[in-house]
Amino acid sequence: MSKFNNWKAIGTVLGETDINEYHFSLKNYKAKKGDIVTTASRLPSTDGTVIPVTVWGKISSIERFNAFFPAEAAQELTNEDIDIRDTILPTTKDELRCKVIILGYTEDGKEKISKLLPLNYPVMPAAIVKYPSSKDVEELFISDLDSSHPISIGNLLARKDVEIKIDGDNLISRHISVWGMSGSGKTVFVRRILTELLNLKYPSFVLDIHGDYLGFVQKQKKYFPDNKVKLFYPNLSVRAEDKEIVYTLIDKLGNTLTDPQRDFLNSLLEKIKYEGGSLLQYIKLLNVKAREFASSGSTSFKNVKPASMFVVARSLRIVSKKLENMEQTNARHRRKMSHLKFEELPDSATEPEKIISKGQMSILYLRGYENLPASAIVSIVLENLFRHRQEASEEIAPFFTVIEEAHNFIPSRSENKDDIPSVDTIRKVISEGRKFGTGVMIISQRPSRVDETIASQCNSQVVFRIVNQRDQRATTRDSETLSNDDAKQLPNLANGQGIISGQIVNYSLPVQIKFDEKLINDDIGNENFIDTVENWDDKESVKLRKKFAKDFADINEIDSRRAN
Amino acid sequence: MTLKVDIKDKIKQNSSMFVNFIKNAITASPKVQNNFLEVTTKVAETALKIIKDADLIVDLNYKGKEFWSINRCKTSCFIDGGVDRTSIISSAPLSIRAGSYIVKPDATSKREFFEESMVFLGDLYDPKNELYDFVDDDFEEDQMLNKKKDGARIIFEAATIVKHILLNKKFDYCFLHGPLEATVMPFTVAGFPTFTKFAVENMFPFISKNSSVEARHFINAYLEALNYIKKSKFPIYGIVETSNSAPYIKNLLFNYKIKGTISDKDYNSVIKTIKKYKITDSHILEIILSSGQALKPLEVKKQLAGFTVTSGSAWEEKMDSFPKVFIGYIKTSDNQAPVRIESLNYPKHLIKDYEYILGTSRLLPNYGFPVGLNVVDKFAKIPNWMSKTSRKYYATHLLRQAIKNKDQNTVSLAVKILSKKSRSWKNRPIGGISK
Ligand SMILES: Nc1ncnc2c1ncn2[C@@H]1O[C@H](COP(=O)(O)OP(=O)(O)OP(=O)(O)O)[C@@H](O)[C@H]1O
Ligand SMILES: [Mg+2]
């Protein structure tokens, strides 16, 4: 009770209340949406006595209206250029009505603020609503989180001085989805989490599409001297058992094949045994063999005409060309960052400990790869890593996987991208991961395009700004803890402001995520094209070309000159 | 010559006139219908001539920006009462309130105050209610209940003004939404209950504690209140939007009859015509006055005895002793009938006061009456108890008052009443639950 008395009164509970929510009339400017507020109440306890308690709640919406301002007065004010403050019109008669979602109650008269208990008796109408001190709110959050590994992620959006922590144990053993439009702050949040995991020596595996996580590699010595940060580039190597993936890749990357052509491809895969190693080499081999069979008019394939074989061969060439291109693009990007050490991704089947190990963060740099091959790569690696966790031997430690651009790896069924190899793998990892300590974080700008069943298995959620209505709907669809009031706030969030909900926090809270600027990779930095152009100097080849172009133009001009 | 055409045109453009015309067309005889336009025109013409002769028209000045830069320093109080809509169940709790909106635009700290000046929540049929003494209503129940409600509202409005005077408020203006002196005739019916000793003592402390039961009757209490209000240091005006009768025109004609300028015969016949065609001040003045023009006030006797109910009754003499009322008109906008301005004294600063009314009305162009009254009207309006949303709204509203309980300015007589002990007097209701 003593604590309650020290807090400032900010309003009065209105009308009908229940155990889930209440409304109150707020004094001007005394609280904001997302603020934590309290009201004193009395509850029947189990032993029949009535106990004084403090009920904690979160302001989930505020309505403001000036019912006393007649709209037609606006005409005259405008026409005559009158300042409303000079007139007798009411300027202060705003009614502020707040909706409060009840979080729970704590018993009064205790030294420390205890864990929140679910309210089982409505709050008192007409009770005074108070604004608890930041220190007490923080104390509540901490004791309520009751976490042995709290992870600090930022502060309560409405209050700078209330730090928000999430439960690290829940984070890594369950799954979490991070939604938000481009530039809303998803990656900044993920970097925050990864930083804490590094500090906890917890292994992580990050699929980095754009190079957003290279800062960890660059700054490892400075900020994470006791950790290892490994940077891998993909190597498309498959084990013989992964024939399915090979088939899918060829089928999807190459030309569309008819049924007889598909039969031929299948038989080809049977015949030409794959010994593991580079997939590209294997596909090249298949191409050569297909061509041979076609030109020799081989009859070892029933009902397949040489023409069909040629089609398949051509398709295989296309596939190998594409894969080569992707590899080259990736390599080109890598070369730009020559001081960062890139290593070829170790074989996850045989050397998983090179990818997952205590205190190590492994980044798989996927830039340049199209969705399908990227998905294949991811599928193979995750499948292997998961298997190593699953098996009794437990060859690797528990680890945390970060999947950026998740809509590419686990697209919604409505996207009609079936046969994306990573879907099944990730679904398996997510649905069984709890048992094996393989927590996953999925990140996407387009939650509506992410597989619904996988998304709904994420029992924690962080949602940043979302304007698109379909994506807004998807966030509430996938979440049990995110309310419609929360969803309404989504388009208005600024960079780095998100609503965090689910098991890592107990209830949804609007949070300003802490921005670790130091973790930005200075090398790629922001794409500052204006500076680039300012410092632009044509390459030698271009200079030469320009020079020649001038000469050719001269020739042309002379040639077309009429003699007169 | 052109005047006639002018007036006819105006009638045609004038919507309330037109409405009246339609009404007449339905109820009146064909002859009345045919003549309506002609007659009204003729009456208006004649009235205008007399008004000009008496030099009653004044032109008011209004320049928006300038007006407000001059008047931003003025403190104005707007008062209105409200009663909840007649509920189907007569035993449902009744709510009667009077509120004040007090505003000083350039105030340094707080520019505006909303006061719940008087509140009654309860059941007027409950013998233990604290407003009216209990009588067994022989009279038709509904009718009596309505009269009790009206009486309560009128007395609350008066009590609110009295309260401001008692508390020595420094207003530049005080406006009441409605007549400053109401017609008391309806409350002279036999069996109309007296107010409780408790209520009268608290609303009007100047009424002697030892006075008789009769002194607590509406008529007596109201008369005392009006006499007290008449002595106010600040000007107080009642603002009436539309007139259903023609007190101004009739009085004007009457004065001219007394002077001998109009013959008794002409006077009687024109009064008869006005009645027959239901011509009101609003109709006639709407066409005579242009926007921004006003009519100087005339002194009018409000309480007219002689109707069947009152004639010979004990109240007849009493009604005669009610103060006379000064009635003037201002046409505040092109598309509205002039508003009636009532005061108990002849305005000391007629032009300035009327210009203030005009200026404040310009902020409510479609209604054409002081915007402050619109504000307090909304504040005092009692929402339908049946509807959930309005109940919530009302709760919000009352509770805001409760939050502000440290505000000395909201101290009101009702607070005193509350402090005595009470269930039904609620100045500070607590979420509908009494302690
Ligand atoms: N918590 C924060 N505090 C301050 N600024 C932030 C925060 N979060 C993000 N920003 C700003 O917004 C920029 C973009 O954030 P971020 O890279 O996290 O976006 P994103 O949601 O990952 O976008 P994309 O979907 O395009 O990858 C950051 O570089 C930073 O300038
Ligand atoms: Mg990002």
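This is a predicted model: local features need pLDDT of at least 70, side-chain atom pairs count only at pLDDT 80 or more; totals for chains, interfaces and linings use all residues.
Buried means under 20% relative accessible area, exposed over 50%, and partly exposed in between, with a 1.4 Å probe and protein chains only. Residues are numbered from 1 along each chain as its sequence is written, chains are lettered from A and ligands numbered from 1 in the order in which they are written, and side-chain values use heavy atoms, leaving out hydrogens and water.

Let's stay with Glu415(A) for a moment. Its salt-bridge partner is Arg449(A), with 3.0 Å between the closest N and O atoms. (A salt bridge here is a side-chain nitrogen of Lys or Arg within 4 Å of a carboxyl oxygen of Asp or Glu.) Arg449(A) is also partly exposed, at 22%. Glu415(A) sits in the loop between helix H13 (406–409) and helix H14 (421–436), and Arg449(A) in the loop between strand S15 (438–444) and helix H15 (452–456), so the pair ties together parts of chain A that are 34 residues apart in sequence. Helices (H or I, at least four residues) and strands (E, at least two) are DSSP runs, numbered from the N terminus.

Over all chains, the structure holds 37 salt bridges. Here are three of them:

| Pair | N to O distance |
|---|---|
| Arg449(A) and Glu415(A) | 3.0 Å |
| Asp485(A) and Lys488(A) | 3.4 Å |
| Lys296(B) and Asp55(B) | 3.7 Å |

Asp485(A) and Lys488(A) share helix H17 (residues 484–489) of chain A, three residues apart, or about one turn of the helix. Asp485(A) is buried at 9%, while Lys488(A) is exposed at 58%.

Over in chain B, Lys296(B) belongs to strand S7 (residues 293–300) and Asp55(B) to the loop between helix H3 (30–53) and strand S1 (57–59), so their bridge ties together parts 241 residues apart in sequence. Lys296(B) is partly exposed at 21%, and so is Asp55(B) at 48%. Back in chain A, salt bridges with shared partners link Arg192(A), Glu196(A), Lys514(A) and Asp516(A) into one network.

Now for the ligand. There are 14 residues around ligand 1, and Ser182(A), Gly183(A), Lys186(A), Thr187(A) and Ile513(A) come nearest; a residue counts as near if one of its heavy atoms lies within 4 Å. An N or O atom in the Thr187(A) side chain is 2.6 Å from a ligand 1 oxygen, and a polar side-chain atom of Gln445(A) is 2.8 Å from an oxygen of ligand 1. On the backbone side, a polar atom of Ile513(A) lies 2.7 Å from a nitrogen of ligand 1. The protein covers 76% of the 630 Å² of accessible area that ligand 1 has on its own, going by the Shrake-Rupley method with a 1.4 Å probe. Helix H5 (186–199) and strand S18 (509–513) of chain A are the elements that give two or more residues to the shell, with H5(A) supplying the largest share, three residues.

Finally, Ser348(A) lies in the loop between strand S12 (343–344) and strand S13 (360–365) of chain A. Ser348(A) is buried, because its relative accessibility is 4%. Leaving aside residues up to four places away in sequence, Ser348(A) touches Ile355(A), Ile380(A), Val381(A), Asn384(A) and His388(A), where contact means heavy atoms within 4.5 Å.

Technical notes
A polar contact is a pair of N or O atoms within 3.5 Å; within protein, one must be able to donate a hydrogen and the other to accept it, and residues adjacent in sequence count only if both atoms are side-chain atoms.
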